[in-house]
Amino acid sequence: MSNRMCCVVDCHNTYKNTKGKGVMFYTFPSKKHEQHIKKLWLQAIRRVTENGDAWEPIRSSLICSTHFVDNKCSKDPKSPSFIPTIFPGIYKKISLNHHQQTARYKRTCIRQENNVTIVTNNIDTIEPYISNDNIKSVRNASTQVAFEVNGIDLFTFDCCFIDSNNAKTQVSMPYKLNYLVRPKTRDQSCGLDTPYQSIPRLKPISSPKSFCSYESVMNESHLESLTGTSFQVFKILLKFIPKSSDKTVTRENRLFMFLMIIKLNISYSALSAFFNISPSTVTRIFYDCLHSLSIKINHFLFWPDKSSISTAESLKINDPNFRYFIGSTEIKTEQPDTVEQRVFLYSRYEGCYTIKFLVVITPNGIIRFVSSCYGGSKSDSLITNDSGILLEFESGDIVYAHERFLSTEASCENSNGDLVISPILHHDRFTGDEVMETRDTINSEIERVFSRLKTHGILNKISIELMPVIDKVIQICCVLTNLQLLTLKE
């Protein structure tokens, strides 16, 4: 049992010596809004230190209930027990009739309780005239109070407009309510009492022309701008998107979001705002669609038969054995974290960090083969040999390559096909006109395909987080490039 003593001078009450006597102990008010109560208590106690300074209670200071009327402390400022008023004789205070004070306080409480009744009927709504020139809609709002008094003149209601969208109601009333039952104030927004009514001459807030999902795409040009595909290609790809247990996002919107990331390189957080879902959900949808499509449309890139390849009339190459173009390209990446990754990805040709891959293109501009991705430090000769493309050539095939493949000629000696390099570097073996014509033909056809491929925004600069799946991303972009070209030819 604690031996802490009451702080009142000449009072020796403790927890131990008052056990079983109904005496309670209170700490001094310490909250910020109770500082005025603490000040009143200290003024009533009038205790000083040995130096004559005003005494300040500490956290463990106590005062017993014997110093309050009715042997308990009250939080009602009107109660005689609100502050300590009973002290030992050393204080030399005039004794008051505490029983009379208590009886008077109880009679006051009873009168106030009889005057307070609960009201359940609504106050009539006041609808002031508001010009339609200044607003977009009309709203009715009502205020309900939980008490009433005799005499309506005692109440004053004022409506104050805070800004163009907010208003508040202020009520002035007499301070006659019991402290214990008086309602507390609170801020609350009022909803519509009647259905929304828009002004006929104004456009509705929700327009069907605004973007909300795949369903809001109304024409082919809009879909092509957002995804790089036509409705026909979109329906083909939609067949390869599996059904999901998550019913919040439809299959159409899942494919739509995936293609928007591929085409526009839009961030996951931006798409989450457009579709009202979390960024983690958008991330999961992207990788799910990527894995599904990379498996399902793998057969879209196939090695054609020799009989199905025809040289385009626009190409000025009169070689009947000509079959393919072969070329490589580099895509910039973000700066890697480790030194090993930087050495692997740094390209001396581009002067930055890149990935490199090789493609085989038919004379009509269709990508038929795409290799795995390599670091920018790897040579075209290494990629050509490592990709296995030389084994796919048939006997007698003529393959035209960019001048960067000059070092690859020796590697092709044992293959079935013949690799013809752009003659710009073959000194004095061709006339000037032959060099220019052949070089422009090879380079322009290869660069035209790469230009279509790089219209996919995700290839503008590869993020480090995409490196583990970069082969699948390049594969998807090549397939979409082919489908886009086939759509244009149709």
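Accessible areas were computed by the Shrake-Rupley method with a 1.4 Å probe, and for residues only the protein chains shown count as cover. On this basis the accessible surface of the protein comes to about 30600 Å², and carbon and sulfur atoms hold 51% of that surface. The structure is a predicted model, in which local features need pLDDT of at least 70 and side-chain atom pairs count only at pLDDT 80 or more, while totals for chains, interfaces and linings use all residues. Residues are numbered from 1 along each chain as its sequence is written, and side-chain values use heavy atoms, with hydrogens and water left out.

The protein contains eleven helices and eleven strands, where helices (H or I, at least four residues) and strands (E, at least two) are DSSP runs numbered from the N terminus. Of the 490 residues in the protein, 39% are buried; the term buried stands for under 20% relative accessible area, exposed for over 50%, and partly exposed for values in between (1.4 Å probe, protein chains only). With contact taken as heavy atoms within 4.5 Å, residues 24 or more positions apart account for 58% of the contacts in the protein that have a separation of 6 or more.

A nonpolar core is defined as a set of buried Ala, Val, Leu, Ile, Met, Phe, Trp, Tyr and Cys residues joined through side-chain atoms within 4.5 Å. The largest such core has 64 residues, and those with the most contacts inside it are Leu255, Phe258, Phe286, Ile458 and Leu459. Helix α11 (residues 470-489) provides the largest share of this core, namely nine residues. A second, separate core comprises 21 residues, including Cys6, Tyr26, Phe28 and Phe82. When neighbours within four places in sequence are left aside, Leu255 is in contact with Phe234, Leu237, Leu238, Ile241, Cys289 and Leu293.

Helix α5 (residues 251-264) packs against helix α7 (residues 279-296) at an angle of about 90°, with the axes 9 Å apart; axes are lines fitted to C-alpha atoms, for helices over the stretch in contact, and angles run from 0 to 180 degrees between N-to-C directions. The helices α5 and α7 are therefore roughly perpendicular to each other, a description that covers angles of 65 to 115 degrees. From α5 the contact involves Arg254, Leu255, Met257, Phe258, Ile261 and Ile262, and from α7 it involves Val282, Ile285, Phe286, Cys289, Leu290 and Leu293. Eleven of the residues in this contact are nonpolar, none is polar and one is charged, with Ala, Val, Leu, Ile, Met, Phe, Trp, Tyr, Cys and Pro counted as nonpolar, Asp, Glu, Lys and Arg as charged, and the others, Gly among them, as polar.

Several individual positions were also examined. Gln475, which lies in helix α11, is buried, with a relative accessible area of 12%. Leaving aside neighbours within four places in sequence, Gln475 is in contact with Ser294, Asn298 and Leu301; Gln475 and Ile297, 178 residues apart in sequence, are 9.0 Å apart in space, C-alpha to C-alpha. Thr333, in the loop between β5 (322-332) and α8 (339-345), is buried at a relative accessible area of 4%. Beyond neighbours within four places in sequence, the contacts of Thr333 are with Leu345, Tyr353, Thr354, Ile355, Lys461, Ile462 and Met467.

Positive phi values occur at Asp10, near 70°, and at Asp70, about 65°, neither residue being a glycine. Asp10 is found in the segment before β1 (25-27) and is partly exposed, with a relative accessible area of 45%. Asp70 lies in the loop between β2 (62-64) and α2 (98-115) and, at 43% relative accessibility, counts as partly exposed.

Terms used
Angles under 35 degrees count as roughly parallel, over 145 as roughly antiparallel, 65 to 115 as roughly perpendicular and the rest as oblique.
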